[in-house]
Amino acid sequence: MTEGNFVDYVKMHVSSGNGGKGSTHLNREKYNAKGGPDGGDGGRGGHVILRGNSNLWTLIHLKFKRHIRAGHGEHGSSGRSTGADGSDEYLEVPLGTVVRDSETNDILFEITEDGEEKIVAEGGKGGRGNWHFKSSINQTPRYAQPGIPLEERHITLELKILADVGLVGFPNAGKSTLLSVLTSAKPKIADYEFTTLKPNLGIVEYRDYKSFVMADIPGIIEGAAEGKGLGYYFLRHIERNSILLFLIPADAKDIVEQYEILLDELRRYNPEMLDKERFVCISKSDMLDDELKSEISSILDKDLDANYMFISSVAQQGLTELKDKLWTMLND
Ligand SMILES: Nc1nc2c(ncn2[C@@H]2O[C@H](COP(=O)(O)OP(=O)(O)OP(=O)(O)O)[C@@H](O)[C@H]2O)c(=O)[nH]1
Ligand SMILES: [Mg+2]
């Protein structure tokens, strides 16, 4: 997925349709001067409905949709004839779309399943026609219900990626490089911080045609939970991942400390992030010789509160073992 195509946030105005008016028609045919009330009901106004679609990965198709209006219900008419319902408007959205009321910022609902439908603006009910109101006291009511008016609101759609594995690391840790060697995604890679500005997703093909989804997000820095860097805005993309894969480069000054800073940012962002399974990769391990590796291992075995593994995306070391490990964790 190229960066320009990734739209994960849109705002729009949605409006359902008015309910049609009930009819006050009185039947006066030649041979039946007092045929009585026969006004039909108004039709229901159209709903605006969001529907989950597992083939969509972004909100780009909605980027330029500013206003969505469903159709109005038709009015009732003579002969107890009910007006037609207004046409519903469907918006297809990717799974993991969170819908908020833009004014209050309250979450209205989330779409998580393929085919799941939720009404975001409910069409007004049609009014009842006068024949419903006929009684012994009033044989010819000239009254019918009006339709219920439409509902409108401003909404914000926000996409949380539903990847299986989310990469967590400081800028320049090698996250995008790892994604590029494990998947066919081609994220931008460079030797400077914040190369990645938008999340990238890739599908990791595993043995026997099995696969899982990995998300690469912009690097997290200390203070990310308070909004520093880009990480905060994108942390929500890893809220839904089942495994967090921490990447800490082999040349980091203090691997244990880096891990703890990252963990702390996640905790401050949302404590539930710490309930997820975690695994640590020491990336760029091609820079280590065996002696250095065992030195680092002895420190990590003692002080690092997580399982870890050495890998190198460039030298293709440890990658099969990493896939095995992730697959096992995902299926435990
Ligand atoms: N020696 C070595 N260098 C690597 C390895 N993986 C990545 N690098 C280098 O590290 C630098 C940063 O890599 P990226 O993959 O862009 O890092 P990132 O974590 O995505 O960085 P941001 O997008 O800025 O957060 C690049 O110069 C890569 O070539 C590796 O396995 N070995
Ligand atoms: Mg990157």
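Visitor: Which residues come nearest to ligand 1?
Guide: Lys-175, Thr-177, Phe-194, Thr-196 and Asp-286, out of 22 residues around ligand 1. Near means a heavy atom within 4 Å. This is a predicted model: local features need pLDDT of at least 70, side-chain atom pairs need 80 or more, and totals for chains, interfaces and linings use all residues. Residues are numbered from 1 along each chain as written, chains are lettered from A and ligands numbered from 1 in written order, and side-chain values use heavy atoms, without hydrogens and water.

Visitor: How does that shell divide up by residue type?
Guide: Eight nonpolar, nine polar and five charged. Asp, Glu, Lys and Arg count as charged; Ala, Val, Leu, Ile, Met, Phe, Trp, Tyr, Cys and Pro as nonpolar; the others, Gly among them, as polar.

Visitor: What does Asp-286 do with its side chain?
Guide: A polar atom there lies 2.8 Å from a nitrogen atom of ligand 1. A polar contact is an N or O pair within 3.5 Å. The side chain of Ser-176 has an N or O atom 2.8 Å from a ligand 1 oxygen.

Visitor: And which part of Val-314 comes in, backbone or side chain?
Guide: Backbone: a polar atom there is 3.2 Å from an oxygen of ligand 1.

Visitor: New topic. Where does UniProt put "binding site"?
Guide: The unreviewed entry places that feature at Ser-176 and Thr-196. They spread over 21 residues of sequence, yet cluster in space, with a largest C-alpha distance of 7.5 Å. UniProt annotations may be inferred rather than shown by experiment.

Visitor: What about domains?
Guide: The assignment, automatic or from a database, gives domain 1 (3-159) and domain 2 (165-331). Their C-alpha centres lie 46 Å apart.

Technical notes. Polar contact = N/O pair within 3.5 Å; in protein donor to acceptor, adjacent residues only side chain to side chain.
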